[in-house]
Amino acid sequence: MSAPATPPAATTASTTGRILPNRLQSPLARALRSWEALLLVVFVLVFAINSFASPYFLNAWNLSDATFNFTEKAMIAFAMAMLIIAGEIDLSVASIIALASTAMGLAMTAGAGVPVLVLVGLGTGLLCGVVNGVLVARMGLPSIVVTIGTMSLFRGISYIILGDQAFTGYPKGFGYFGQGYVWWVFSFELVLFAVLAVAFYLLLHKSTFGRAVYAIGNNATAAQFSGIRVARVRFLLFLLTGLMSGVAAVCLTSRLGSTRPSIATGMELEVVTMVVLGGISILGGSGTIPGVVLAALIMGLVTFGFGLLNVPGIVMSIFLGLLLISVIAVPRLLRRK
Amino acid sequence: MSILKKALTTAALATALMAQSAMAENVKIALVVKALGIGFFEAANKGAEEAAKELGDVDIIYTGPTDTTAEGQIEVINSLIAQGVNAIAISANDPDAVAPTLQKAMERGITVISWDSGVAKEGRQMHLNPSSSALIGNTIIKLAADHMPEGGDVAILSATSTSTNQNVWIEEAKKVLPNYPGINLVAVVYGDDLADKSYREAQGLIATYPNLKAIIAPTTVGILAASQAVTDAGLIGKINVTGLGLPSEMAGAVESGATESFAIWNPIDLGYAATMISYNLVKGTAKAEPGAEIPMGRMGAAKLDDNNEAAMSDPFTYDKSNIEQFKSIF
């Protein structure tokens, strides 16, 4: 009778607040050997090399301009990270931006003011998230197939509405989201990025919802049998990704001051790159938000630093590819020793 | 160890690049293109380098995104602003999306012009078109007339009957016809920019007008199809096909003689002229305002209209003498 007594004991231990350790190592040793520590080293290196390589790098305004390289992508990457940890993926995010931006353009033509435009953008993103969520979570279709489909679908609708035309002439106040500054060099987008980073940190690492996401990613069946409503969590994650794509759409449309159906083409791969570089296992189940934040900063700085030296874009892509592979390979090699 | 190795290679790469970019107080002109690795733009860069050599105190920064996206161009523009370049000359992927960033560049004292593919009016100081409708209209008639000393019948093979560009050019061509006595325009037909339909329309022209001396096709699809139709009918030397075409596609027709000559803009001249204009605006020797004439070195002067747009020149003529050089460019 002693065997069945053990599981209830463990459950009571966890409900009383003690966290079950993921690895049997001291927290400090774990932190030092973690992915995030490695990313931090890479970040410091990239920053230092850039400062030496270009006299224009260490300038508050230039660095502020550089943040636009990653803020919008990072906003989506936070939600995508949670989705990938849960073992799903959403490849339609860039197309959601196109559709949300087109919807905002239609609203603008109908004479909507700034608050309505923002609501339309966020609402369209959310609606697209619902479509993905219903198809994946309710109907049980594989997310990679569903979102490859909706990737064409959402952008296709934009192309039907706009063709080779563009929406221009957004109201003046709308420009604030993509071009405005909260204080000194801190742009609205940068501040929003920081706020969202904290919010997603709390959601993934400090809430039951976050624990459920990890549980589903590690073993969805086990999670289901431990009372986690797997389908509901998956559905909410797609909603969240859709919503964040809507947020990014508002920022990007505001920054460009116009909408074309080709807006944000190819951004989904950059977002996924950012997430994977951030140490989120593509197989699900592990990774952290601080990792994604560091990955966003590294990608932004590498792009900007190479841009300052006028390195052709293709060399940048090669470097990012190598960075991605080495950052993934190094911990695996270390672990093998 | 791998991190160390990476750091060392990165550092080496960075220093090598830095040494290259560190230069004296030259005028820095950035030629921003739609995407790197496109022959047309590589040729424009050649022209820009030629202008830089002629001017002496100019550094050309030839750059652009990997894909033809507005977002990529904005990242490039931001890094150019940060480097404090003196001028940005851009062929835009999107006339509107790059405008806010270019406005920021102008606010920070950078001269901004667009060329080839324009930017919305508020995002640039001036725009340089490769040519104008009037110049194109005149050129296509002149190309035919040059090889018809005794005059004769010509026909136009256009794209679709609703193609705005082609219709304007044909309109302009009709206006200049009285300047070419003996040239008789007998028909305008439409091949819809489809290779097979254009080919059949050309065959129709050949059958209907036995005295036809030239087919003028102001479209790259039409000119190619018409030269094929003339070749297949064995009428090389009797009917000359001309108009607007791409050197890479037309090389065969020029070599066989089906086409004596044809025209299209010259990307080398375009890069050259954009650089010259940027330089003059930076140096203050010219101002970008309606009616102004901005010197473009060997290309003459760019005359700005009410929208601060200018046409560079007649389309450039390609024939047996230069097709070899250009067919690998675009």
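In this predicted model, chain B contains an open sheet of six strands in the order β2-β1-β3-β4-β5-β13, with parallel pairing; two strands count as paired if DSSP finds at least two bridges between them, and helices (H or I, at least four residues) and strands (E, at least two) are DSSP runs numbered from the N terminus. Strands β2 and β13 (309-311) of chain B stand at the edges with a single partner strand each, so one side of each lacks a neighbour in the sheet. The twist from one strand to the next averages 20°, with axes fitted as lines to C-alpha atoms (for helices over the stretch in contact) and angles running from 0 to 180 degrees between N-to-C directions.

Helix α10 (residues 267-283) of chain B packs on the sheet, where α10 touches β1, β2, β3 (87-90), β4 (111-115) and β5 (126-129) of chain B. The direction of α10 makes about 160° with that of β4(B). Contact requires C-beta atoms, placed from the backbone, to lie within 7 Å.

Six bridges join β1 (residues 27-32) and β2 (residues 58-63) of chain B in the parallel sense. V27(B) has V58(B) as its bridge partner in β2(B), and V32(B) has T63(B).

Between the chains, 35 residues of chain A are in contact with 33 residues of chain B. On the chain A side, α16(A) gives the most, with five residues.

Residues are numbered from 1 along each chain as its sequence is written, and chains are lettered from A and ligands numbered from 1 in the order in which they are written. Local features need pLDDT of at least 70 and side-chain atom pairs count only at pLDDT 80 or more, whereas totals for chains, interfaces and linings use all residues.

Technical notes. Two residues are in contact if their C-beta atoms, placed from the backbone, lie within 7 Å.
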